[in-house]
Structures are given as C-alpha cells and as structure tokens.
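Here's a quick briefing to read with the model open beside you. It goes residue by residue, then moves on to the ligand and the aromatic rings.

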Amino acid sequence: MSFDRSIKIAPSILSADFANFGAEIRAIEDQGADWVHIDVMDGHFVPNLTFGPPAVKAFRPHVKTFMDVHLMIAPVDPYIEAYAEAGADMIVAHWEAGPHPHRTLQAIKAQGVKCGISLNPGTPANVISELLDLVDMVLVMSVNPGFGGQKFIPTSINKVRQVREMIGDREIHIQVDGGVDPTTVGPLVEAGADCFVAGSAVFKGGSVDKPEVYGQNIAAIRAAAEGALKAAQ
Ligand code: DX5
Ligand code: ZN
C-alpha cells in the first residue's frame, strides 16, 4: 500500500473545554477529525503546563482515530515510556529539548510507537538531516510553542518546502502546528505538508452542545487544503 500523504486535520485539545475532555475528543472525532493532537507542556521547555501521563491515559479510551502526543518537555527521555504506556500512537519530541535527539527517537521507537521530531520557528531545517531515517513525521512549528491562539509565523512555509525537499521519497509525514486556519493552510499544502494541527481554528465558536461548529471549522480547513492540493496538481 502506498504511503498515505492525504490531508489530515489534527485538532489540538489545548483549545478544548478543560472540564470536558472525553466529550470534546468524541465530538471532534464525530465531526471529522483525522487525528487528536495532545499538547504536553512542562512549564520548563515552554512557559505553560498541561498533561502528565495519567491525563493522557484518561484520554486514550475516548480516542478512536490516532493519538498524536506532542511533547514540549525537556528532558524528554525519562518520560517516553510513561507516555507510550498511556497509549500514544505517535510521540513527537522537540529537536531543541536535549543534546541527543537521535537517542530520543530510538527510545520512542523502542516502545513500538511512531516517532516524530519537532522544529521550533528559530531552528533551521537542516539540523534534522541525520534523523530522517528514524522518523515517521517532521513537525514544523509555525508558532513559538506554549499556547494556542497565536499568530501564524509565515517563514514556516519555506521551512516546510525545505523539509519536503530533504525527505525525498521517504515515507515521512510533514505536520504543521500553530496558527493553522483556512487562510494559512493552503500555502503549507503547496509547500508539501500533509498533516495540520489546529486548536483555536477548530474549537472557536463551538462546544460539546454545538459540535456541528467543530465540523464546520474542520471542513473549512480541509476545503482550503484540498483546494490548494488540486491547484498544485
Ligand atoms: C502550541 C501547540 C499547538 C497549539 C495550536 O505550543 O503545540 O498545538 O495548541 O493552537 P492554534 O491552532 O490555536 O495555534
Ligand atoms: Zn502542538
């Protein structure tokens, strides 16, 4: 089966109702989410605190699609096993989180989990050239990590293009995360990205009582992405 580089929308639950995660996860999946993006923050690597392994374990039974765990923590290695045991389908670590990203990726793979490497906006694409034979995904951050609702950083478009070039025909997803909405997703598709995290652009205006708004928001991002894909062919 050929590698699935089709458009995937991964809502981030960082923008969800923090008193209602199970219902929110079920709502976004019912409304068309392809993946569920879990933003783990430690108050050290980023100036915010979110989910430990027990919280991610509690989310797991509600996720029927794919649980994409974005570790914005440093150090990473001591926590990989706990997040794998919590049920992550993919664990993404930041290149900037420590001196041994190659070993970190090996440790994630050793848990039998898909692995990804994430680049902050200030980190050039070429730093991952020695990691491409290990990863299942490269995450290009289009905001400085720590919060939802931030402004998209346009230089990430060219970085996606560079990463796409470096990947060649390897079976690696390119994910973009931060400020993704129907106005920013098109150029990212043209540059070669296939997976799009969206928090505020998905959750804005909706709730578990108005989940159809999530569906409309996801559909708007997907329509813009599919439109750009068609135009690029
Ligand atoms: C930021 C997180 C992102 C964020 C996306 O550190 O990694 O996943 O939640 O939120 P929006 O889509 O609102 O920028
Ligand atoms: Zn994220």
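Thr 184 counts as buried because its relative accessibility is 11%, with buried meaning under 20% relative accessible area, exposed over 50% and partly exposed in between (1.4 Å probe, protein chains only). This is a predicted model, so local features need pLDDT of at least 70, side-chain atom pairs count only at pLDDT 80 or more, and totals for chains, interfaces and linings use all residues. Residues are numbered from 1 along each chain as its sequence is written, chains are lettered from A and ligands numbered from 1 in the order in which they are written, and side-chain values use heavy atoms, with hydrogens and water left out.

- Thr 184 sits in the loop between S7 and H6; helices (H or I, at least four residues) and strands (E, at least two) are DSSP runs, numbered from the N terminus.
- Skip the neighbours within four places in sequence, and Thr 184 is in contact with Phe 152 and Gly 179, where contact means heavy atoms within 4.5 Å.
- The Thr 184 side chain also reaches the backbone oxygen of Gly 179, at 3.1 Å.
- Gly 178 is in the loop between S7 and helix H6 (185-191), and at 10% relative accessibility it counts as buried.
- Not counting residues up to four places away in sequence, Gly 178 touches Ser 142, Val 143, Phe 152 and Val 197.

**The two annotated aspartates**

- The UniProt annotation "active site" (unreviewed entry) covers Asp 39 and Asp 177; UniProt positions are given in the numbering used here, feature names are shortened, and annotations may be inferred rather than shown by experiment.
- These residues span 139 residues in sequence, yet no two of their C-alpha atoms are more than 10.5 Å apart, so they gather at one spot.
- The lining of the largest pocket includes both Asp 39 and Asp 177. For the record, on a 1 Å grid over the protein atoms alone, a pocket is an open set of points where a 1.4 Å probe fits, with protein on both sides within 12 Å along at least five of seven lines, and lining residues have an atom within 4 Å of a point.
- Asp 39 lies in strand S2 (residues 36-41) and counts as buried at 5% relative accessibility.
- Leaving out residues up to four places away in sequence, Asp 39 touches Ser 12, Leu 14, Thr 50, Phe 51, His 70, Met 72 and Asp 177.
- The Asp 39 side chain makes a polar contact with the side chain of His 37 (2.9 Å). A polar contact is a pair of N or O atoms within 3.5 Å; within protein, one must be able to donate a hydrogen and the other to accept it, and residues adjacent in sequence count only if both atoms are side-chain atoms.
- Asp 177 is in strand S7 (residues 173-177) and, at 8% relative accessibility, is buried.
- Among the residues that Asp 177 touches, not counting those up to four places away in sequence, are His 37, Asp 39, His 70 and Val 197.

- A polar side-chain atom of Ser 200 is 2.5 Å from an oxygen atom of ligand 1.
- A polar backbone atom of Gly 146 lies 2.7 Å from an oxygen atom of ligand 1.
- For His 70, a polar side-chain atom is 3.2 Å from an oxygen atom of ligand 1.
- The UniProt annotation "binding site" (unreviewed entry) covers residues including Ser 12, His 70, Gly 146, Gly 148, Asp 177, Gly 178 and Ser 200.
- The largest pocket's lining includes, among them, Ser 12, His 70, Gly 148 and Gly 178.
- Gly 148 lies in the loop between strand S6 (137-141) and helix H5 (155-167), and is partly exposed, with a relative accessible area of 44%.

- Ala 228 lies in helix H8 and is buried, with a relative accessible area of 8%.
- A search of the whole structure turns up 7 aromatic pairs. Rings of Phe, Tyr and Trp (its six-membered ring) pair if their centres lie within 6.5 Å; planes under 30 degrees apart count as stacked, over 60 as edge-to-face and the rest as tilted.
- Phe 203 and Tyr 214 form an edge-to-face pair, 5.0 Å centre to centre with 70° between the planes.
- Phe 203 and Tyr 214 are both buried.
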